[in-house]
Amino acid sequence: MKPDAVRGHLDGLILAVLESGPRHGYAIIEALQARSGGRLDLPTGTVYPALRRLERAALLSGSWSTVGGRERRTYTLTRAGRHALSGQRADWTEFSAVVDAVLRPAAGAS
Amino acid sequence: MTAALDPVATHVAELDRVLRGPGVVKRSMIAEVRDGLTDAVADYRERGLDPERAATAAVRDFGTVRELAPLLQDELTARQGRHTALLLVVAFPALLVAWDAVWAVGDGWVPPASPTVAALARAVDLTTVLTAAAALVLLAVTFRGRPLPRWVTGLTGLVAALGILGCGGMSIVMNLLKPVQVGDMAAAGPAATVVVAATAVTAGFVARSAVRSMRLARVSQQLH
């Protein structure tokens, strides 16, 4: 999937992979790759400014902690983040349904 | 692999050189990027690549400094804007209350003040309230989830500069008008001394934060 197509949805994707629990930056990148089957073609570094932006918006909380013997910055979905994720899911469902309806070949089209 | 030849160290050093912003946030951001790249290198090594190839692959996946620096800088700039706005929201009303308290307990000049001084005092109060109100709006804007337009931080810096110049300038004029000057007030009571010192220190912090905000807004613009 092309980077430009992904960028507009990156925030929602990050919120989704943090729904199951706190993760550090690289674990979030790994989860994005795993859940997309490796089809997200995006510079991995773009995840870090996105995490800072979501933290600034209070959708994530970030803190340094020791994970696996190393200091890592770990992110947790906040209540506002869960609410935002629900909203993004609803928006995406509506958007994809509309686009799918328009793109679907019309009945009788060759 | 020496540090000079290590693609990860070179990449991180270049980002560190290019980025500008609040020290604590920038150090945290750079440390996080370094950790991420270290994890990526370890991941590639587990898949069988030698250290040099693993580091090169991790940096390639990460993206170029040209791609990432503007995105990271936007966040540093936004944090500076939030810091300045928060400083204004807290400091300006606090100083207003502190000065009112000084007048109320009699450490200020003896009423009635001259019409000019009274008008200037009202103008300082109004400027303080307007500055704090504008800062509160700008502070709220920094909580939006989308990338924060850099002009927001620039405007926050401008509001801070105008607030401090306006209040400071009018206060200096008031001080130059008799009957009582700041020096006399400071000598008159400890409360006034504390408030005068707090005002001077706060003015210094606000001025520095204002300059940083306007400068970082320009840095963000140059990187895009």
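Lys and Arg count as positive and Asp and Glu as negative, while His and the chain ends are not counted. The place of a charge is taken as NZ of Lys, CZ of Arg, CG of Asp or CD of Glu.

These legends describe a predicted model, in which local features need pLDDT of at least 70, side-chain atom pairs count only at pLDDT 80 or more, and totals for chains, interfaces and linings use all residues. Residues are numbered from 1 along each chain as its sequence is written, chains are lettered from A and ligands numbered from 1 in the order in which they are written, and side-chain values use heavy atoms, without hydrogens and water.

**View 1. Charges and surface of chain A.** Chain A carries 15 positive and 10 negative side chains. The centres of these two sets lie 4 Å apart. The chain exposes about 6,100 Å² (Shrake-Rupley method, 1.4 Å probe; for residues, only the protein chains shown count as cover). Carbon and sulfur atoms supply 57% of that area.

**View 2. The fold of chain A.** The C-alpha trace spans about 60 × 25 × 20 Å along its principal axes.

**View 3. A:Ala58 in its loop.** A:Ala58 sits in the loop between helix H4 (47–56) and strand S2 (60–67) of chain A. Its phi is near 65°, a positive value in a residue other than glycine. Most residues other than glycine have a negative phi. A:Ala58 is partly exposed, with a relative accessible area of 33%. Buried means under 20% relative accessible area, exposed over 50%, and partly exposed in between (1.4 Å probe, protein chains only).

**View 4. The helices of chain B.** Chain B has 8 helices and 0 strands. Buried residues make up 43% of its 224 residues. The accessible surface comes to about 11,600 Å², and 67% of this belongs to carbon and sulfur atoms.

**View 5. Helix H8 of chain B.** Helix H8 covers residues 190–223 of chain B. At 1.5 Å a residue, its 34 residues should span 50 Å, and the end C-alpha atoms are 49 Å apart, which agrees. The expected span is 1.5 Å times one less than the number of residues. The buried residues of H8(B) include B:Ala192, B:Val206, B:Leu216 and B:Val219.

**View 6. B:Asp35 beside chain A.** B:Asp35 lies in helix H2 (residues 23–46) of chain B. At 17% relative accessibility, B:Asp35 counts as buried. Leaving aside neighbours within four places in sequence, B:Asp35 is in contact (heavy atoms within 4.5 Å) with A:Trp64, A:Arg70, A:Glu71 and A:Arg72.

**View 7. B:Leu148 between two helices.** B:Leu148 belongs to the loop between helix H5 (115–141) and helix H6 (150–176) of chain B. B:Leu148 is buried, with a relative accessible area of 5%. Not counting residues up to four places away in sequence, B:Leu148 touches A:Arg56, B:Ala78, B:Val141, B:Thr142 and B:Thr153. B:Leu148 and B:Gln222 are 74 residues apart in sequence and 16 Å apart in space, C-alpha to C-alpha.

Methods. Helices (H or I, at least four residues) and strands (E, at least two) are DSSP runs, numbered from the N terminus.
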